[in-house]
Amino acid sequence: LASACLITYWLAIFVATHIPSSSMPKLGWSDKVYHIIAFSGLSFLLCWAVPSRLGQRFRQLGVAGGIALAYAGFDEFTQQFIPGRHCDIWDVAADAVGICVGISCYLSCHWLLTQVTWGRRLIASFSR
């Protein structure tokens, strides 16, 4: 399930960021907000999809964050070849903020589901 969600989301981000600017709707907020939101979701899903072994949580998060950051750079680089789009280092910075937010949200959700009583009960009820 994690891999399917990740692949679907990643494809959606790729398509959305490679639409020519003439075909894009006007955005209500700064594009940096959208970058933060998009890469929060991507890094959260990467954390969920990257396997981890007991005691290797930081390695898992580092791999997920590294993949997301590498993709952010690749995504910005390839946008310069799309009509009306350009490469912007500040977009990569917003992506990096989003990556940190996504990893933090993943850690919070993981903690709630594994360390809090109601979270463990919820997992147990879905495991039946």
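**Crossing helices and a pocket**

Author: The axes of α2 and α4 cross at roughly 45° and come within 6 Å. Axes here are lines fitted to C-alpha atoms, for helices over the stretch in contact, with angles from 0 to 180 degrees between N-to-C directions. This is a predicted model, where local features need pLDDT of at least 70, side-chain atom pairs count only at pLDDT 80 or more, and totals for chains, interfaces and linings use all residues. Residues are numbered from 1 along each chain as its sequence is written, and side-chain values use heavy atoms, leaving out hydrogens and water.

Reader: How are α2 and α4 oriented to each other?

Author: Angles under 35 degrees count as roughly parallel, over 145 as roughly antiparallel, 65 to 115 as roughly perpendicular and the rest as oblique. α2 and α4 are therefore oblique. Their contact has 14 nonpolar, 5 polar and 4 charged residues.

Reader: Which residues line the second largest pocket?

Author: Rolling a probe the size of a water molecule over the atoms shows where empty space is left. A pocket is an open set of points on a 1 Å grid over the protein atoms alone where a 1.4 Å probe fits, with protein on both sides within 12 Å along at least five of seven lines; lining residues have an atom within 4 Å of a point. Here the lining is Phe44, Trp48, Tyr106, Cys109, His110 and Leu113. Two or more of these residues come from each of α2 (31-49) and α4 (89-115), and α4 gives the largest share, 4 residues. By class, the lining has 5 nonpolar, 1 polar and no charged residues.

Definitions and conventions: Ala, Val, Leu, Ile, Met, Phe, Trp, Tyr, Cys and Pro count as nonpolar, Asp, Glu, Lys and Arg as charged, and the others, Gly among them, as polar.
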